[in-house]
Amino acid sequence: MRSIASRMSVMSGEGALAVFARAREMEKEGRSIIHLELGEPDFHPGASVVESAARALSDGKDRYCGVAGVPALREELAAYLHRTRNIEVSPANIVMAPGCKAALFFAMMALLEPGDEVLFPEPGFPGYPSITLGLGAVPVPFELSPENHFQPDLREIERKITRRTRMLITNSPGNPTGTVYTDAVQKALAELAVRHDLWVLSDEIYARINYGGDFISMLRYPGMKERTLIIDGFSKSFAMTGWRLGYTVAPPEVVPALAMLAINSYTCVAEFTQYAAIDALRDKEGNTPRMVAEFARRREQFVNDLNRVPGFHCEPPQGAFYAWVDIRGTGSSAEEVCRVLLDDAGVAAIPGVAFGPSGKHFVRFSFASSVANLREAANRILKASTAGQGSLAEK
Ligand SMILES: Cc1ncc(COP(=O)(O)O)c(C=O)c1O
């Protein structure tokens, strides 16, 4: 009998993509929509990166290439990680992948057996539980609660560790809360991982998008080198979402497994994009710091504006580019708030439950949009919140 594999029924999509599809439909019908649903910088890579991609193509760098990535890029990445994160990484420990999601997927596939338990932050990136389930493993959420300033609660994590726990996923700065884990929390997480002999998957995709806090890579803590895989890439820090460029930094014994998965799936990452990525990392034009400074300005403005909306409460995020808004004060559900925002105000945002059940009283807005768009969005939200009909408050 022909059927779809059962693992597909346990995986899930992404709320952001579903809201985006609906908002695009409305646009086709002539509605004006401000898109604050997707986690995509509204910047593009600098001219030197684009020129470098064009040059690589005209130089014939459009062939199959090394499975783990071109050596020049992996060397540049090792230097970049040393410069920006103060970690010592050998180019031999870096494996390129077509995006961070693919890097995440293959890292988890390489390390998890069916029935293994995976601790992951919740609310968090929806891929963590979905991929876990798809691999026949068991997702075990640890909550990032507003009462604990969205920091992982060490006691809860320790309580949830069992004989079957194989992996701890960390994500700092985090999506959707913007939390940068404190040094003390990370130190304690590292100690737990050592004590229980866990793999640590440290999703550091927002490492560069940090508003002044002290970001420390998980790799810096004692005992982490042999058990930590860093997942990172070019989508957020270099505004290269559509280039599909990510990478894993892995302990030496994991590298052949990642290479084996690459051979059996994507073969290699597009060669010319990897040469352009070298220029992105060197960042001679200072694009990343300029983009982050702009995000910092928008964060200030947008979070202030959101806090003026009756019933909204938003702590300024320490990193990433999301406003994670507690909407309990409106008396409405997050779904209803998002429906009113989209239908009446033309502002697309995501109900927090898309990031896990504990996000049910929250709405996520991306502020990777122009200052003018954000101002207009805030005005529209305020108007919708005070209008009698379609008000954000429960009727
Ligand atoms: C925490 C986190 N990890 C991974 C990804 C996936 O990144 P990429 O677009 O490079 O696949 C995202 C994208 O939103 C993310 O927020």
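Student: Which residues in α5 meet which residues in α6?

Tutor: In this predicted model, L104, F105 and M108 are the residues of α5 that meet Y128, I131 and T132 of α6. Sorted by class, the contact of α5 with α6 has 5 nonpolar residues, 1 polar residue and no charged residues.

Student: At roughly what angle do the axes of α5 and α6 cross?

Tutor: The axis of helix α5, residues 100-111, and the axis of helix α6, residues 127-134, come within 10 Å and cross at roughly 40 degrees. That angle makes α5 oblique to α6, since angles under 35 degrees would count as roughly parallel.

Student: Is the crossing of α5 and α6 left-handed or right-handed?

Tutor: The crossing of these two helices, α5 and α6, is right-handed.

Student: Turning to the strands, in what order do they form the open sheet?

Tutor: The open sheet is formed by 4 strands, which follow the order β9-β10-β13-β12 with antiparallel pairing. Because β9 (313-314) and β12 (350-351) stand at the edges and each has a single partner strand, one side of each is left without a neighbour in the sheet.

Student: How many bridges join β9 to β10, and which residue in β10 is the bridge partner of H313?

Tutor: Strand β10, residues 322-326, is joined to β9 by 2 bridges, and the two strands run antiparallel. The bridge partner of H313 is D326 in β10.

Student: Which helix lies across β12 and β13?

Tutor: Helix α12, which covers residues 334-345, lies across β12 and β13 (362-366), and its direction is at about 40 degrees to β13.

Definitions and conventions. Residues numbered from 1 in each chain as written. Predicted model: local features only at pLDDT ≥ 70, side-chain atom pairs only at ≥ 80, totals over all residues. Heavy atoms only, no water. Axes fitted to C-alpha atoms, helices over the stretch in contact; angles between N-to-C directions. Parallel < 35°, antiparallel > 145°, perpendicular 65-115°, else oblique. Left-handed = near helix turned anticlockwise from the far one by under 90°. Contact = heavy atoms within 4.5 Å. Nonpolar A, V, L, I, M, F, W, Y, C, P; charged D, E, K, R; others polar. Pairing = 2+ DSSP bridges.
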